Amino acid sequence: MSTNLYARAQRFAKEAVKADDEGKFVEAKNLYLKAAEVLLEMKKFTSNPRLVDTYERSAKGYIARAKALKSQIKKKVPPGKGGKSDDDDELDDSIEDAIVSERPDINLSDVAGLEDAKTALREAIVLPLLRPDLFTGSRQPWRGILLHGPPGCGKTLIAKATAGDVDDATFFNISAATLVSKWLGESEKLVKKLYEIAKEKQPSIIFIDEVDSLTQSRGEGENDAMRRVKTQLLSSMEGLSSGKGDRVVTIGATNVPWDIDSAFRRRFQRRIYVSLPNHEARAIIFKLNSEGIAMDEDIDFKGLSDMTEGYSGSDIANVCKEAVMAPIRELDQTDLINDTSVSARPVRHQDYLNALENVNKSVSTKELIRFERWDDEFGAG
Ligand SMILES: Nc1ncnc2c1ncn2[C@@H]1O[C@H](COP(=O)(O)OP(=O)(O)OP(=O)(O)O)[C@@H](O)[C@H]1O
Ligand SMILES: [Mg+2]
């Protein structure tokens, strides 16, 4: 069911982007809205909060683009080609709204395991931003860092945590998927402006999540607008690496590293593998995701960790979500609502075991091998 819907949403979105690109704004607006509608429909078919979030975000992006087109249609001016100063102001506002985000209130100690990745990020980002005096002459910090690895293993988490560790850095957080869906047509301007602002407000960290969506559709599906964003991003990143004193670093994240074309790969000189959690990290992830709830003393996180070899961090988070709901599910909902004195029992070890039966690991061994191969071939740097 949902795969069907997904194909529909993709088709509408693709057609919308095409129409947008060709200047058929009315048609594009309607198609964006259709894509958004299907995405919102899809929310009903999943209880996975990350999927819900993704659908919602994409839908919002399409709706915003449809709105922008609508107001342009009224003015009969194609977006991006109107009066210059108005446009620039609007773009500035958009950047403030869409990109400049609060510094995340997590730091690297909230990330379980991944010691190598943490060390690499400290060396590549935290140190150069905090101690620029150490990075002079030929000792130059990396300007582009790529986090790659299987889905749900903490790439987004660790990027945000790194930003949380650098107190006085400005953090720009942009999803490449939003960039191409929401801003297509103006996105290359947005990228250019983004790097200008980042330079003004340095030290800065620019985090581009799902960076593969910019490079994925090589050849056939690739349209002009997309190519222009890509080119702009490449040249903005390049511009930075030539300005020696600048303290602006770009972090990209992807779970399909093989889709990153070689031009981009070259800009991300440091490539860090964010792997599945090891035994110790899994136990910590269990604990982190079970905090603040009444628990039996017999819960054995180490034992649960033994049973979840191959699970990703987000798989474990899902197990915990299930387990901690168990005491609530046993109770009558009407009672719970009407009588506030009815309370739930503590969570037991057995609740986790039951949850484990329902949540399987999401990364297959075959996929894992592909990630490790890519890391062998292109990793580190
Ligand atoms: N090492 C970890 N420590 C703590 N929590 C983790 C870790 N890895 C994953 N998680 C949990 O899984 C969730 C998903 O992780 P995250 O979104 O960072 O994955 P990702 O690697 O960016 O995945 P994707 O490739 O799908 O974007 C986190 O919000 C967190 O709850
Ligand atoms: Mg992510």
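Tutor: Helices and strands here are DSSP runs, a helix having at least four residues and a strand at least two, and they are numbered from the N terminus. Please keep in mind that this is a predicted model.

Student: How many helices and strands does the protein have?
Tutor: There are 17 helices and five strands in the protein.

Student: What share of the residues is buried?
Tutor: Of the 381 residues in the protein, 40% are buried.

Student: In what order do the strands sit in the sheet?
Tutor: The five strands form an open sheet in the order S2-S3-S4-S1-S5, and the pairing is parallel. S2 and strand S5 (270–273) stand at the edges with a single partner strand each, so one side of each has no neighbour in the sheet. From one strand to the next, the twist averages 20 degrees.

Student: How many bridges join S3 to S4?
Tutor: Five bridges join these two parallel strands, S3 and S4. Serine 204, for instance, stands opposite valine 248 in S4.

Student: Which strands does H5 touch?
Tutor: H5 packs on the sheet and touches S1, S3, S4 and S5. The direction of H5 makes about 155 degrees with that of S5.

Student: And H6, is that mostly covered or exposed?
Tutor: H6 is mostly covered, with nine of its 11 residues buried. Among them are Lys155, Leu157, Ile158 and Asp165. The buried residues of H6 pack against H5 and against strands S1, S2, S3 and S4.

Student: Let me change topic. Which residues come nearest to ligand 1?
Tutor: Pro151, Gly154, Lys155, Thr156 and Gly313 come nearest, out of 21 residues around ligand 1. Helix H6 (155–165), helix H12 (279–288) and helix H14 (313–329) each supply at least two residues of that shell.

Student: How do the residues of the shell divide into nonpolar, polar and charged?
Tutor: The shell around ligand 1 has 13 nonpolar residues, seven polar and one charged.

Student: What is alanine 112 in contact with, leaving aside its neighbours in sequence?
Tutor: Beyond four places in sequence, alanine 112 is in contact with Pro277, Ala281, Ile284, Ile285 and Leu288. Alanine 112 and isoleucine 284 are 172 residues apart in sequence, yet their C-alpha atoms are 6.1 Å apart in space. Alanine 112 is found in the loop between helix H4 (84–98) and helix H5 (115–130).

Student: Why does alanine 112 count as buried?
Tutor: A residue is buried if 20 or more other C-beta atoms lie within 10 Å of its own. Alanine 112 is buried because 21 other C-beta atoms lie within 10 Å.

Student: What about the backbone? Where is the phi positive in a residue other than glycine?
Tutor: Most residues other than glycine have a negative phi, and most peptide bonds are trans. Leucine 114, however, has a phi near 50 degrees, and glutamate 210 has one near 55 degrees. Leucine 114 is in the loop between H4 and H5, while glutamate 210 lies in the loop between S3 and helix H9 (212–215).

Student: Which residues does a cis peptide bond join?
Tutor: A cis peptide bond joins glutamine 202 and proline 203, with omega about 5 degrees. Proline 203 has its place in the loop between helix H8 (187–200) and S3.

Key. Residues are numbered from 1 along each chain as its sequence is written. Chains are lettered from A and ligands numbered from 1 in the order in which they are written. This is a predicted model: local features need pLDDT of at least 70, side-chain atom pairs count only at pLDDT 80 or more; totals for chains, interfaces and linings use all residues. A residue is buried if 20 or more other C-beta atoms lie within 10 Å of its own, exposed if 12 or fewer, and partly exposed in between; C-beta atoms are placed from the backbone. Two residues are in contact if their C-beta atoms, placed from the backbone, lie within 7 Å. A residue is near a molecule or strand if its C-beta atom, placed from the backbone, lies within 6 Å of it. Ala, Val, Leu, Ile, Met, Phe, Trp, Tyr, Cys and Pro count as nonpolar, Asp, Glu, Lys and Arg as charged, and the others, Gly among them, as polar. Two strands pair if DSSP finds at least two bridges between them. Axes are lines fitted to C-alpha atoms, for helices over the stretch in contact, and angles run from 0 to 180 degrees between N-to-C directions.
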